[in-house]
Amino acid sequence: MTVDVARVRGQVPALGDGWVHLDAPAGMQVPEQVATAVSSALRAPVAPPGGVFPASQRGGAIVDAARRAVADLVGAEPKGVVLGPSVPALLERLADVLSTTWALGDEVVVSRLDDRANVAPWARAAGRAGGAVRTAEVDIETCELPSWQYDDLLGARTRVVTVTAACSHLGTRTEIAAIARKVHALPAPASGIEPLMVVDASAAAPYLPLDMETMGADVIVLSAAAWGGPAVGALVFRTPELLDRLPAVSFDGAARGPERLEVGDVSYALLAGLVASVDHLADLDDRASGSRRDRILTSMSSLRSHHDELTEYLVSELRFVPGVTVLGEPARRIPTVAFLVAGRTAQEVAERVADQGVCVLIDPGDQGALEVIGGAEIGGVVKVGLAHYTSRADVDALVGALARS
């Protein structure tokens, strides 16, 4: 099965602006069905769940549908899905809650491939608890994250290991399952919460079929905007019962399950858009059939094949452009590519290709793996990412714009 890119493009109104959008790492353009779902929910009477009147029942149905949609996306249970406004907010909340169970000297392990959103909250939480932060490094040549180093990073005081499923700066995919096995082999503490594997799948979810059990993740964090959904985030717990063992942040003292980590900060209209965005993913391959979970797995597998081929073409063509250096050679990647152009800053390159109707991103190069390789010192890095609607013609437009600039 394959993804009909022309059909997908027809479902995204924003592509009518005439620009070539290769800025997917900043969030994909919104499909029509997502925009319609949000606007329809805004027009309907909706109230917080718990009441007996129709508007309240509608609110409850939207929340339940959003939990089911996210659960279908990653192969989890709806009662383990926590909804929130964004990935940074949810990670900050999770780190705060977990740190209350830590003792002096406990450790968290972060990764150099991760965004600040999945590093800073854990570092602050460890600091408040009197703990320590250990960092997994990248291979400078390939920009991969070797899993063997976790043998030395993990220990009896490890409480959380947090890592990205795919790097939003370089496209590198990490060996999540291999790292998770090492985490789950750690001894459980005498009291408190067992060591947890927290995976930021924000960059990976738009491109890969995800399964919590196979990955070995205890908690997954997602951003719907990454795949063309609204500005909504989610935390997914593989073991929903863990939620009732964590300190609650909800204002409702009787809150149970995912509601214990929610503070009523997501609009019902955006949650309706979240459901529509997952349905859009499920139907990317119009020949997919079965349950929504089945259709997601089929569509994302088809999409992965399409993107693997298109990414190989993109990287190959970029390397033929004089002065262009592609950063990293990971064996497994998502369709995000970072590169340099000799003699020009990232800002200058972005301006020149924008003059020819192509959208690319400017990465300051001051965090994670890009900081290690000196991205900030050379004027930043140009970053591009493919979306569900990206065609070979879009890649050709970028390569042509670079060659002419």
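The legends below describe close-up views of a predicted model.

Residues are numbered from 1 along each chain as its sequence is written, and side-chain values use heavy atoms, with hydrogens and water left out. Because the model is predicted, local features need pLDDT of at least 70 and side-chain atom pairs count only at pLDDT 80 or more, while totals for chains, interfaces and linings use all residues.

View 1. Strand β8 covers residues 233-237, and five of its five residues are buried (buried means under 20% relative accessible area, exposed over 50%, partly exposed in between, with a 1.4 Å probe and protein chains only). Helices (H or I, at least four residues) and strands (E, at least two) are DSSP runs, numbered from the N terminus. On one side of β8 lie G233, L235 and F237, on the other A234 and V236, and both faces are covered. β8 pairs with β2 in the antiparallel sense over four bridges (two strands pair if DSSP finds at least two bridges between them). Strand β7 (residues 219-223) also pairs with β8 in the antiparallel sense, over five bridges. G233 is the bridge partner of G84, and S223 stands opposite G233 as well.

**View 2. V81 in strand β2.** V81 belongs to strand β2, residues 81-84. Its relative accessible area is 0%, so V81 is buried. Leaving aside neighbours within four places in sequence, V81 is in contact with R67, V70, A71, A234, L235, V236, P258 and E262 (contact means heavy atoms within 4.5 Å). V81 and L261 are 180 residues apart in sequence, with their C-alpha atoms 9.9 Å apart in space.

View 3. Five of the six residues of strand β10 (residues 336-341) are buried. Strand β9 (residues 324-326) pairs with β10 in the antiparallel sense over three bridges, and T325 stands opposite L340. Strand β13 (residues 381-385) pairs with β10, also in the antiparallel sense, over four bridges. Here A338 stands opposite K383.

**View 4. H280 in helix α9.** Helix α9 spans residues 268-282 and contains H280. H280 counts as buried because its relative accessible area is 3%. The side chains of H280 and Q11 make a polar contact at 3.4 Å (a pair of N or O atoms within 3.5 Å; within protein, one must be able to donate a hydrogen and the other to accept it, and residues adjacent in sequence count only if both atoms are side-chain atoms). Apart from neighbours within four places in sequence, H280 is in contact with V8, Q11, P31 and Q33.

**View 5. Q149 in a loop.** Q149 lies in the loop between β4 (132-136) and α6 (150-153). Its relative accessibility is 11%, so Q149 is buried. The Q149 side chain reaches the backbone oxygen of P146 at 3.0 Å. Beyond its neighbours within four places in sequence, Q149 is in contact with A136 and E137.

**View 6. C167 and C143.** The structure holds zero disulfides (a disulfide is a pair of cysteine sulfur atoms within 2.5 Å). The closest cysteine sulfur to that of C167 is in C143, 8.1 Å away, which is too far for a bond. C167 is buried, with a relative accessible area of 1%.

**View 7. R392 over the ring of Y313.** The charged end of R392 sits over the Y313 ring, 3.9 Å from its centre (NZ of Lys or CZ of Arg within 6 Å of the ring centre and within 35 degrees of the ring normal).
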